[in-house]
Amino acid sequence: DDYARDRGLIPSIIDGAADRLRPVFLTTATTVLGLAPLLFERSQQAQFLKPTVITLVYGVGVGMVLVLIVVPALIAIQSDVSRQVVALRRALRTTRASGLRVVMAGAGVAMVGWLVVTLGWMAWQGQVHPALIEVWPLMAQVTGMAMAVGLFIAGALAIAILSFLAGGVGVILVRRRKIRQLA
């Protein structure tokens with residue numbers, strides 16, 4: 001947080017990961033090297049400890065990747081998404097965004113409805129809605145929850161794309177109307 005105030009987010013993420021590289025790597029290396037003799041021991045007592053040692057070694061290794069790569073990437077993603085959410089909130093607060101509000105409300109209702117039709121029906125009946133199988137016969141090869149999740153994702157993407165296009169067309173029409181009024 002101190003780096004981000006002084007340098008900006010992305011440079012602070014890079015500097016923070018670089019600052020933590022040496023201590024995290026040394027901790028991981030010493031743990032793995034300290035447990036390595038148990039991995040190669042053939043005695044009966046060591047066989048009892050091998051699953052624990054393997055779990056510790058892989059856990060520390062994965063933890064190093066998480067700390068140095070995944071967490072910084074998630075922080076950058078969080079920043080990008082928060083900027084988009086703030087921009088959407090600002091757009092919806094303006095008095096000129098009544099059409100955009102309608103599109104967003106319609107998209108939200110459509111998403112909730114699609115969730116109920118796909119995953120809700122699956123949770124309630126234990127099978128995918130028969131009408132959906134008729135609409136997408138290729139999905140009939142996949143069964144159960146995987147089919148319901150696939151249908152939900154495909155439909156949600158379609159709704160998102162259509163609402164994005166509708167919002168874009170609405171913004172273009174509003175701008176054209178303003179230009180005509182000024183002329």
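Reply: A pair of helices

The axes of helix α2 (residues 9-40) and helix α3, as lines fitted to C-alpha atoms over the stretch in contact, come within 10 Å and cross at roughly 175 degrees, on a scale from 0 to 180 degrees between N-to-C directions. The two helices are therefore roughly antiparallel to each other, a description kept for angles over 145 degrees. Where α2 meets α3, the contact residues comprise 24 nonpolar, 4 polar and 2 charged ones, with Gly counted as polar.

This is a predicted model, in which local features need pLDDT of at least 70, side-chain atom pairs count only at pLDDT 80 or more, and totals for chains use all residues. Residues are numbered from 1 along each chain, and side-chain values use heavy atoms, without hydrogens and water.

Helix α3 covers residues 44-93, and Leu74 is found in this helix. In the chain there are 6 helices and 0 strands, read as DSSP runs (H or I, at least four residues, for helices; E, at least two, for strands), so that from the N terminus on the elements run α-α-α-α-α-α. The C-alpha trace of the chain spans about 85 × 55 × 25 Å along its principal axes.

Terms used. Parallel < 35°, antiparallel > 145°, perpendicular 65-115°, else oblique.
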